[in-house]
Amino acid sequence: MAATEVHTPYHLKDPAKWVLNVSHIRAERLVVFIHGFNGKAISTWNEFPGSGRTSDWWKESDMLFVGYDSKRDNITAVASRIRDRLPDFYPTPHQGAMTVGGIPARADTTSSYKELIVVGHSLGGLIARRAMADAAQEHLDSSDASTAPDNTEILDAQLRLFSPASAGFRAAGLLGAVRASGLWPALFLYLSRSSAFTDLQPGSTTLLDTRRRTEALASTYGSLRARILWASPDDVVIPERYDTDYVEYLADGRDHGSVCKPNASYPLPLRFASTGRMK
């Protein structure tokens, strides 16, 4: 593990590809990041780990970066994995990551977090929705049966989504030009080897069921209502929110890949992830 100024990254072996950035001061919250199709646990969110150098809010946050193989894993499996493993990290900090070189990462390593934020980009947004809808259904079923619900910690989350693939994939702009060319059939055949890509086709069972369940349960479980920041224009996903979501925001001039990547001239992703708002 290599220490940064305010956080230390801990690369987990189980689940593989997950990374927990541990704050050196008492963490008030856990922020969970879920990348999109062909993304990576860290590189998709590369600008976020250093955010604690300039922001007290991020300094007081542990950051869990979820990794998965979007070309092999299916949406339901990743959503289930997140629900199953989240209790290892929330509401109590993951103790295996609280020691750096035999020294505690901070003075208080055991106090529970006060809040949970889940941030998703593109396919990651759909995975987050699926995980939360399934957790809500499980909680409802358990309540009806008077049994203790399992793996519903994610229902504590505030949901922040960057251009989520909630309504599916589309090929416009440069992708549309590729689609109109002779290269598209071969590319589509290659991408279709991924069940996640197949599930992103408009009208798929996964898309329709996730929306139906979310909208049916959002009045009971308010955490299913998402705050959304769309790329504008977005040439990769269909920019359509659920009826139960909050009114969305647009990041003018930001494309699908850059809408979630803050920099000195574009701090909006840091603000949106932390507050769910533009300002």
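**Exercise 1. The end of helix 8**

*Solution.* Then turn to the helix itself, residues 268-275, where Leu-268, Pro-269, Phe-272, Ala-273 and Ser-274 are buried.

**Exercise 2. The sides of helix 7**

Check the length of helix 7 against its number of residues, and determine which residues of helix 7 are buried.

*Solution.* The buried residues of helix 7 are Thr-206, Leu-207, Thr-210, Thr-214 and Leu-217. They cover an arc of only 125° around the axis, and therefore lie on the same side of helix 7. An α-helix has 3.6 residues a turn, so residues three or four places apart point the same way. On the face turned away from the buried side, helix 7 carries the exposed residues Thr-205, Leu-208 and Ala-216. The buried residues, for their part, pack against helix 2 (75-85), helix 3 (123-144) and helix 6 (195-199).

**Exercise 3. The nonpolar cores**

Identify the residues that touch the most other members of the largest nonpolar core, and trace the contacts of Ile-154.

*Solution.* The largest nonpolar core has 52 residues, of which Leu-30, Val-32, Ile-34, Val-118, Ile-127 and Ile-154 touch the most other members. Helix 3 supplies the largest share of this core, with eight residues. Once neighbours within four places in sequence are set aside, Ile-154 is in contact with Ile-82, Arg-83, Leu-86, Leu-116, Val-118, Ala-131, Met-132 and Ala-135. Another core, of 21 residues, lies apart from the largest one and has Val-19, Leu-229, Val-259 and Tyr-266 among its members.

**Exercise 4. Confidence**

Decide where the coordinates call for caution, starting from the average pLDDT of the protein chain.

*Solution.* The protein chain averages a pLDDT of 89, and 90% of the residues score at least 70. Over residues 176-180, however, the pLDDT is below 50, although this stretch has six contacts in the model beyond near neighbours in sequence. Where pLDDT is low, the predicted coordinates should not be read in detail.

Definitions and conventions. Residues numbered from 1 in each chain as written. Predicted model: local features only at pLDDT ≥ 70, side-chain atom pairs only at ≥ 80, totals over all residues. Heavy atoms only, no water. Helix = DSSP H or I, 4+ residues; strand = E, 2+ residues; numbered from the N terminus. Expected span 1.5 Å × (residues − 1). Buried < 20%, exposed > 50% of the residue type's maximum accessible area, 1.4 Å probe, protein only. Arc of directions from axis to C-beta. Contact = heavy atoms within 4.5 Å. Core = buried A, V, L, I, M, F, W, Y, C linked by side-chain atoms within 4.5 Å. pLDDT = per-residue confidence, 0-100.
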